[in-house]
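This report is for a reader who has not seen the structure before. Please look over the sequence and the model shown here.

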Amino acid sequence: MGRPYCLQFAAASIASLLSLAACGPAIDGAVADDSTAMAAGEAELYYDEYVLWWSRASGETPITVCWESPGFAREKELVREAVNRTWGFYGYFDFKEWTDCTSDYSAIRIKISDEQPHTKGLGTHIQDVSNGMVLNFTFVHWSDSCQDSLDSCIRSIAVHEFGHALGFAHEQNRPDTPPSCDDTQGSNGTATVGAWDLSSVMNYCNPEWSNGGQLSTTDIMGVGTVYHVGPSYLAAIAVTTAL
Ligand SMILES: [Zn+2]
């Protein structure tokens, strides 16, 4: 059993906040069909194919999210917004509920705690697992420099940890990781898509910590390959290509 899937803190400053503009189409409109548009080498991700939340035939993937911890309404909203603007925008997910956990939920259950953020596994391995994901909103005992960029840290970490929750392992664990990136952490995936990506939000060797909380171009292509491409993203591409 590997260690928990954690987001280590690098001393780098946290980059720009997420914005819808920044989440707009960054690629050239080639994504018309999520199953065929991924040319070899264009997309990356390292994932566990046995813990995905979806049935490909069903299209949209509903995923219930709930909070184990009370309070922090503003910070919780930052997380919800960041996840919906990244994975939820480019992939065909319906992250729903975002309310207090009950015993009835089959969900991603999030605990808020001042410790290193992590998930207890990849993908559906954390489904309905108590405290299956841990997020830090205060940063007193872990990465206190985040107090100078609190919202950015909360967003960036949420995007990384939700990557794990969707079944994505650390990019630097891939077998084709170059020797210059020696930072293996957590357990491995079972499959890869495309070439190794330094810019991935899942790559510790990315010189921009957690890629500033934004999916790289190849993260976007990868999530569209593993899951379905989100209809909002397809609509944005259609508008762009029509201009
Ligand atoms: Zn991680």
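This is a predicted model: local features need pLDDT of at least 70, side-chain atom pairs count only at pLDDT 80 or more; totals for chains, interfaces and linings use all residues.

Residue numbers start from 1 along each chain as its sequence is written.

**Layout**

The protein chain has five helices and eight strands; helices (H or I, at least four residues) and strands (E, at least two) are DSSP runs, numbered from the N terminus. Along the sequence their pattern is β-β-β-α-α-β-β-β-β-α-β-α-α. Of the 243 residues in the protein chain, 45% are buried. A residue is buried if 20 or more other C-beta atoms lie within 10 Å of its own, exposed if 12 or fewer, and partly exposed in between, with C-beta atoms placed from the backbone.

**Core**

The largest nonpolar core has 49 residues, and those with the most contacts inside it are Y90, I108, L135 and A158. Such a core is a set of buried Ala, Val, Leu, Ile, Met, Phe, Trp, Tyr and Cys residues joined through C-beta atoms within 7 Å. Elements that each supply at least two residues of this core include β3 (61–67), α1 (73–85), β5 (108–112), β7 (133–135) and α3 (150–165). The largest share, seven residues, comes from α3. Leaving aside neighbours within four places in sequence, A158 is in contact with V79, A82, V83 and L135; two residues are in contact if their C-beta atoms, placed from the backbone, lie within 7 Å.

**Strands**

In β5, four of the five residues are buried. The table lists two pairings of this strand; two strands pair if DSSP finds at least two bridges between them.

| Strands | Sense | Bridges |
|---|---|---|
| β3 and β5 | parallel | three bridges |
| β5 and β7 | parallel | three bridges |

I110 is the bridge partner of W67 in β5, and M133 is the bridge partner of I110 in β7.

**Helix pair**

The axes of α1 and α3 come within 9 Å and cross at roughly 50°. Axes are lines fitted to C-alpha atoms, for helices over the stretch in contact, and angles run from 0 to 180 degrees between N-to-C directions. On the α1 side, the contact is made by E75, L78, V79, A82 and V83. On the α3 side are D151, I154, R155, A158, V159 and F162.
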